[in-house]
Amino acid sequence: MTKNYLATPSRTKELLAKHKFTFKKSLGQNFLIDVNILRNIIQHAGIDKNAGVIEIGPGFGALTEQLAIHADKVVAFEIDQRLLPVLAETLAPYDNISIIHQDILEANVRATIEEQFVDQEHVHVVANLPYYITTPILMKLLSDKLPITNMTIMIQKEVADRMAAQPNSKSYGSLTIAIQYYTKAEVVMNVPKTVFTPQPNVESSVLKLTLRDQPPVDVLDEEFFFEVVRACFTHRRKTLRNNLQAHFKGKLAKEIITEAILQTRIDAGRRGESLTMEEFAQLANAFYTRIQ
Ligand code: SAM
């Protein structure tokens with residue numbers, strides 16, 4: 001028997017009419033209407049009955065419902081007040097879900113995890129993210145260094161490709177390094193527009209970010225490391241020498257900049273897009289000792 005799950009075109013249509021709900025583009029509201037996609041996401045995330053899950057943006061509760069079925073407990077943050085009565089109705093059959101009416105960017109997610117997931121063995125973030133703030137949400141959750149195993153998220157394909165990119169590709173950039181410093185990033189699925197209502201204007205992918213116990217490189221100062229990485233990508237077609245000289249102009253003499261790059265044995269004529277994370281770390285550390 002196929003159950004009458006929330007993630008179906010018919011239930012979604014019914015809820016839209018009943019609650020006279022109108023989608024807000026400004027909140028990135030594209031709801032999922034395909035239960036198979038949701039199950040795939042949950043499988044990739046490694047959710048089981050010992051898992052606690054943080055969801056961002058439950059919408060009508062399509063993903064939340066599947067998470068409640070497969071996980072031990074779900075806590076979902078939703079910014080749109082209009083969805084609270086809908087969720088109270090759609091998720092009423094499940095007793096392992098808490099909805100928090102809050103902007104995820106304002107939320108103390110660490111405190112929520114510590115309070116709500118006392119008995120669960122592992123904690124995950126799973127979400128069909130609002131695309132307009134994908135990067136701020138992920139950077140917030142990663143820099144908070146939360147006690148979670150992984151994040152499995154539906155995002156814009158182009159952004160997923162940048163986050164999971166390898167050196168020497170068009171998608172590789174400072175966002176790649178920022179994400180891969182904290183996680184192992186993998187695109188696990190490309191998703192057709194037809195599984196959403198309304199259909200988004202952009203292509204979508206599911207990205208799995210597995211958190212690292214330790215960063216993959218040793219840096220003397222994290223903030224400075226990211227500053228150097230960004231500087232190397234300021235003008236993608238320019239060499240390291242040119243980008244770094246422009247960035248440190250007025251702070252470091254030209255000769256010191258040349259000396260710092262020389263110390264790393266990285267060819268100053270290369271472009272940022274060819275550097276590995278390890279090479280960025282060497283570069284940042286060589287500059288850090290000179291800027292003090
Ligand atoms: N999870 C639902 C689904 O897959 O059908 C809805 C996903 S929809 C792409 C994004 C959801 O995030 C919407 O419910 C939207 O209201 C919510 N949202 C947008 N910005 C938010 C924010 N800053 N904090 C929490 N939720 C937000």
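Start at the ligand. It is surrounded by 23 residues, the closest being Leu32, Gly57, Glu78, Asp103 and Asn128; a residue counts as near if one of its heavy atoms lies within 4 Å. This is a predicted model: local features need pLDDT of at least 70, side-chain atom pairs count only at pLDDT 80 or more, and totals for chains, interfaces and linings use all residues. Residues are numbered from 1 along each chain as its sequence is written, and side-chain values use heavy atoms, with hydrogens and water left out.

Now the polar contacts (pairs of N or O atoms within 3.5 Å). A backbone N or O atom of Leu32 lies 2.9 Å from a ligand oxygen. At Gly57, a backbone N or O atom lies 2.7 Å from a ligand nitrogen. Tyr132 uses its side chain: a polar atom there lies 2.9 Å from a nitrogen of the ligand. Alone, the ligand exposes 600 Å², and the protein buries 99% of that (Shrake-Rupley areas, 1.4 Å probe).

Which residue classes make up the shell around the ligand? It has twelve nonpolar, seven polar and four charged residues. Here Ala, Val, Leu, Ile, Met, Phe, Trp, Tyr, Cys and Pro count as nonpolar, Asp, Glu, Lys and Arg as charged, and the others, Gly among them, as polar. Strand 1 (31-32) and strand 3 (73-78) each supply at least two shell residues. Strands are DSSP runs of E with at least two residues; helices are runs of H or I with at least four.

The ligand sits in the largest pocket, with more than half of its atoms within 2 Å of the grid points. A pocket is an open set of points on a 1 Å grid over the protein atoms alone, where a 1.4 Å probe fits, with protein on both sides within 12 Å along at least five of seven lines; lining residues have an atom within 4 Å of a point. The largest pocket holds about 650 Å³ of space, the volume filled by probe spheres set on the points. Of its 40 lining residues, the closest to the centre are Leu27, Gly28, Gln29, Asn30 and Pro130.

The second largest pocket has about 170 Å³. Among its lining residues are Leu142, Lys145, Tyr181 and Arg212. Lys145 is in the loop between helix 6 (134-143) and strand 6 (150-156), and its phi is positive, near 50°.

Finally, a cis peptide bond joins Thr197 and Pro198, with omega about -15°.

Terms used: A polar contact is a pair of N or O atoms within 3.5 Å; within protein, one must be able to donate a hydrogen and the other to accept it, and residues adjacent in sequence count only if both atoms are side-chain atoms.
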